[in-house]
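This report describes a single protein model, with attention to its confidence, its sheets, its cores and a few individual residues.

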Amino acid sequence: MGAYFIWLALKTPDLSSKQAARRLHLFEHGLAEVGKNGEVSVFRWDSTTATQEITERYANGLYVGTTYVYTLYREDGTRLKVTDFYAQPEHWGPAVQQEITRAQLPGLLTALEQGRTLAYGSLTVSLGGVATAKGSLTWSEIEKIDMAQGMLLLCKSGKKLPWARVQIKKVPNLFLFLALADRLRHGGPRQDA
């Protein structure tokens with residue numbers, strides 16, 4: 001058991017120069033991650049897909065911390081896991097999602113106006129509404145979209161239980177999906193575009 005804790009300590013930035021060399025840089029047009037061997041991975045906001053998994057941990061009913069895992073995907077298939085190894089994930093995580101949304105929302109609104117359907121994991125979005133494997137709803141039928149306990153909830157007007165429940169970690173570009181849904185639920189794609 002003691003050897004395990006020594007091994008963990010040697011992997012921390014305080015005791016490992018390779019771990020200390022790791023950096024995360026957010027720029028106007030993308031993100032660059034400098035790995036422990038100095039290699040650089042670059043992801044552009046306009047072509048990156050991100051998933052997020054944020055888990056609050058409890059022990060004996062007491063909160064002991066939150067784990068953050070963002071997985072970024074480039075169009076060429078390159079994948080990067082960005083975790084709470086980097087300080088302040090509660091700030092850079094939403095910043096990543098917001099920048100992806102800022103860069104991609106205008107083009108996706110145009111695609112919807114041209115009749116395209118967009119996929120967000122098991123959800124599909126069109127000008128007409130949102131669909132899952134169990135069916136579809138028009139935007140006017142959706143009373144609210146909420147998040148609770150790691151789930152994205154789509155609530156149909158007049159119903160107590162959610163119409164659809166999807167794990168947040170399985171919704172690519174969550175903030176972008178939410179922005180599209182909000183825009184389409186409240187007046188169409190070009191409102192405030």
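## Basis and confidence

The model is predicted, so local features are reported only at pLDDT of at least 70 and side-chain atom pairs only at pLDDT 80 or more, whereas totals for chains, interfaces and linings use all residues. Residues are numbered from 1 along each chain as its sequence is written, and side-chain values use heavy atoms, with hydrogens and water left out.

The pLDDT, the predictor's confidence in each residue on a scale from 0 to 100, averages 88 over the protein chain, and 87% of the residues score at least 70. Residues 4-19 have a pLDDT below 50, and this stretch makes 13 contacts in the model beyond near neighbours in sequence; a contact means heavy atoms within 4.5 Å. Where pLDDT is low, the predicted coordinates should not be read in detail.

Helices (H or I, at least four residues) and strands (E, at least two) are DSSP runs numbered from the N terminus. Two strands are paired if DSSP finds at least two bridges between them. Strand 5 (residues 62-73) pairs with strand 6 in the antiparallel sense over five bridges, and Leu72 has Leu80 in strand 6 as its bridge partner. Five residues separate the two strands in their hairpin, where Gly77 adopts a positive phi near 95°. Strand 6 (residues 79-83) has a covered face formed by Leu80 and Val82, and an uncovered face formed by Arg79, Lys81 and Thr83. In a regular strand the side chains alternate between the two faces of the sheet.

Thr51 belongs to strand 4 (residues 49-59) and has a relative accessible area of 15%, so Thr51 is buried. On this scale, buried means under 20% relative accessible area, exposed over 50%, and partly exposed in between (1.4 Å probe, protein chains only). Not counting residues up to four places away in sequence, Thr51 touches Val69, Tyr70, Thr71, Tyr73, Lys169, Val171 and Pro172.

Axes are lines fitted to C-alpha atoms, for helices over the stretch in contact, and angles run from 0 to 180 degrees between N-to-C directions. Strand 9 (residues 129-132) is joined to the antiparallel strand 10 by four bridges, and Thr132 has Gly135 in strand 10 as its bridge partner.

Another open sheet has three strands in the order 11-12-13, also with antiparallel pairing. Its edges are strand 11 (142-148) and strand 13; each has a single partner strand, so one side of each lacks a neighbour in the sheet. The twist averages 15° from one strand to the next. Strand 11 and strand 12 run antiparallel and are joined by six bridges, with Leu152 in strand 12 as the bridge partner of Met147. Helix 4 lies across strand 11 and strand 12, running at about 160° to strand 11.

## Nonpolar cores

A nonpolar core is a set of buried Ala, Val, Leu, Ile, Met, Phe, Trp, Tyr and Cys residues joined through side-chain atoms within 4.5 Å. The largest has 25 residues, and those with the most contacts inside it are Tyr120, Val125, Val130, Leu152, Phe177 and Leu180. Two or more residues each come from helix 3 (89-113), strand 7 (118-120), strand 8 (123-126), strand 12 (151-156), strand 13 (164-167) and helix 4 (174-185). Helix 4 gives the largest share of this core, six residues. Apart from it lies another core, of 14 residues, including Leu31, Trp45, Trp92 and Ile100.

## Local details

Four aromatic pairs are found in a search of the whole structure. Rings of Phe, Tyr and Trp (its six-membered ring) pair if their centres lie within 6.5 Å; planes under 30 degrees apart count as stacked, over 60 as edge-to-face and the rest as tilted. The ring centres of Phe85 and Tyr86 are 5.1 Å apart and their planes lie at 90°, so this pair is edge-to-face. Phe85 is partly exposed at 27% relative accessible area, whereas Tyr86 is buried at 6%.

Most residues other than glycine have a negative phi. Asn60, in the loop between strand 4 and strand 5, has a positive phi near 55° and is exposed at 82% relative accessibility. Gln88, in the loop between strand 6 and helix 3, has a positive phi near 60°.
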